[in-house]
Amino acid sequence: MAQDFTSPNPIGKKVLCMEDEHFISELYVRALTKAGYDVTVEVDGREGLKLAQTDQFDIILLDLMIPTITGIEVLRHLRNPAETKPLRAKIIITTNLEQREDIRADIEKQADGYLVKAEITPRELVEFLDTIR
Amino acid sequence: MQRYLPEHDNLPLVSFCLIALVSLLLVAWGSARYLSQPVRTIWEAVLHISPETANTSAPDLKKVHLGRELVAQLIGHIYQIASVADDVAKVSNSDHKLELRGDFVANSLPLPVVVLDKDMNILFANEALHAYVKRSEAETTGQNVYLVLDMLFSNQNTFDKWLEDVRGKKVTAVRTWERVRLNLPEQKEMRLFDLVAYYNKDNPEGNEIILTIYDRTRQYSQDEQAMGFLALAVHELRTPLTLLRGYIDVFEEEFDGKLSPELTGFMRKMKATAQQLTTFIGNVLNVARFENDQLILKLREEEWAPLLKSAIDDVKLRADVRGVSFTLKIDDNLPTVGVDAVSIYEVVNNLLDNSIKYSKGEKKEVIIKSYLTSNGEVETTVQDFGVGIPESAMGNLFEKFYRDYRNRTQVGGTGMGLYLSKAIISAHGGHIWVRSKEGQGSTFGFTLTPYSRIDDEKKGTGEDITRSAHGWIKNHSMYRR
């Protein structure tokens, strides 16, 4: 079930955060809403995919290890023109998982950004998202 | 009467004889090595195909200078003979008089073999190959080889690339690859093997290429399992680290200016410690990647000063909390360098981390310089005035897990940073060095090649320059888009 966190000072950007680790999404929501983003959190891959396909978001933060269908599968569905019309949202992978290089290269090719969560703080995530046009 | 000869009258003669003898020995040793290399390579091929010495690696043809063409052909024959030897023996020992037909021999082979035509279509695949890829004869013969053998190579020197090189240049050629990965469609299992390709341009029957597969799944998958475990362990370490860094971030923001100097200090130390743990995890992963031939660097043209400064900035907090100050002396107008930004960041990070850890004396200063050498290379040095390194430890510093026994109890560390730094710098075509005096501090330095000098490699390809650090890749992915 998706949860909405509306920012007190919206800058007009909507973020879908697909993340099942509650402690992490809690931190991201706090930093992002403070910076003026509207954040929707979704813990379930399949539900997240449906939400993403509504194309109402500017940015999608996608964890790779999420329940029902993995982030890699979500990405594949979102990038398949037969299933999803081209999204305006930028898809940023946020993961702590290590991939085999060939798999990772393939993911990076399909996504607009790839972040290792342990290597950034929530504030750095905001700084990074601020650079996305 | 006593005759006094000049003291060193016969010295020139003795010296000449000695020099001549030493030179003769050196020449003899060198030429013996040079001359025997082809034979040794052939012997390695024999060992490689022998079941008793299955762990021997495939011969490296690059080492052969003398008669490489001939050696390549001979090795080709060895692999071909190996493909049929067992079965010929079986047939000739049996009581049945069988007609020894090529496909019969190939079909009863234990090794998967596939023969390709000029268009990479499969002319023939033996039964061992059908079993290996779990496809029938009808599903393989006539098919393009890539539809049947979906091969993944550990670096850029793939079968395709080799074939492109040899076609047009050579009449016959042989090459081996280790640790080739085979993805089987709709099957979870994965195969790892050594591949031998034999190329013959003028084969009258159109058999341009023969591929032989030496399965090494069991042997290599142990390494893969170790990597799998490591990936899992890293994930488990990273999640609490993400949270830890996140909470520190929140506290820092909320308590900004409200905490006592002591608590502010603790907060900064906590943050620095978490950063250090991130570096450590990165090192663990990169060492594992390096050793599994998966650390691949992509060299791009970069301005060196901003890159260096940003790496220094990221370590500043760690220096601050330990009372260490940085002094930067970076020359203006340095040429652009060809580097993998992510990997070179890790080198600087490791060298600075060490300089902070070992700054134990009174002078807690680290001087970072970057300048152009007389050879036209960009050299960067990190100098500390700390504990220094004893003479006895200097030779082993860049070895894996090496830690000077006297420092072990005083300074934490794992002995991975310098090992990794050396691997990364070597892969960049530079060199890394150290000068140190015990009790007075150490200077570590490394060189990078200006981009203008390595650009030649890039010409004609239009792609990034890719070099493997005995082959593989990066970890720090921040802002990589």
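Analyst: Let's start with strand 1 and strand 2 of chain B, which pair in the antiparallel sense over 3 bridges. Strands are DSSP runs of E with at least two residues, helices are runs of H or I with at least four, and both are numbered from the N terminus. Before we go on: this is a predicted model, where local features need pLDDT of at least 70, side-chain atom pairs count only at pLDDT 80 or more, and totals for chains, interfaces and linings use all residues. Residues are numbered from 1 along each chain as its sequence is written, while chains are lettered from A and ligands numbered from 1 in the order in which they are written.

User: What makes strand 1 and strand 2 of chain B a pair?

Analyst: Two strands pair if DSSP finds at least two bridges between them. Strand 1 and strand 2 of chain B have 3 bridges, so they pass. Within that pairing, B:Val114 stands opposite B:Ala125. The hairpin they make has 5 residues between the strands, and B:Met120 there takes a positive phi near 70 degrees.

User: Which other strand pairs with strand 1 of chain B, and over how many bridges?

Analyst: That's strand 6 (residues 209–215) of chain B, antiparallel over 4 bridges.

User: Why are strand 2 and strand 3 of chain B said to stand at the edges?

Analyst: Look at the order first: 6 strands of chain B form an open sheet, 2-1-6-5-4-3, with antiparallel pairing. Strand 2 (122–125) and strand 3 (150–152) each have a single partner strand, so one side of each is left without a neighbour in the sheet. The twist averages 35 degrees from one strand to the next. Strand 3 pairs with strand 4 (residues 172–183) of chain B over 3 bridges, and B:Asp150 has B:Asn183 as its bridge partner there.

User: How do you know that both faces of strand 1 of chain B are covered?

Analyst: In a regular strand the side chains alternate between the two faces of the sheet. Here B:Val113 and B:Val115 are on one side, B:Val114 and B:Leu116 on the other, and all of them are buried. A residue is buried if 20 or more other C-beta atoms lie within 10 Å of its own, exposed if 12 or fewer, and partly exposed in between, with C-beta atoms placed from the backbone.

User: So what makes B:Leu295 buried or exposed?

Analyst: B:Leu295 has 28 other C-beta atoms within 10 Å, so it's buried. You'll find it in strand 7 (residues 295–302) of chain B.

User: And why is B:Arg179 called buried?

Analyst: Its count is 21 C-beta neighbours inside 10 Å, which reaches the cut-off, so B:Arg179 counts as buried. B:Arg179 lies in strand 4 of chain B, and its phi is positive, near 55 degrees, though it isn't a glycine.

User: What about A:Asp55: buried or exposed?

Analyst: A:Asp55 has 12 other C-beta atoms within 10 Å, so it falls on the "12 or fewer" side and is exposed. A:Asp55 sits in the loop between helix 2 (45–53) and strand 4 of chain A. Its phi is also positive, about 55 degrees, and it isn't a glycine either.

User: Where does helix 10 of chain B bend?

Analyst: At B:Val315, by about 40 degrees. That bend is the angle between axes fitted to the seven residues ending there and the seven starting there. B:Val315 is also among the buried residues of helix 10 of chain B, including B:Trp304 and B:Leu308.

User: What makes the sheet of chain A mixed or antiparallel?

Analyst: Its 6 strands, in the order 1-3-2-4-5-6, form an open sheet with mixed pairing. One parallel case is strand 4 (residues 59–62) with strand 5 (residues 90–95) of chain A, joined by 4 bridges. In that pairing, A:Leu62 has A:Ile93 as its bridge partner.

Terms used. Axes are lines fitted to C-alpha atoms, for helices over the stretch in contact, and angles run from 0 to 180 degrees between N-to-C directions.
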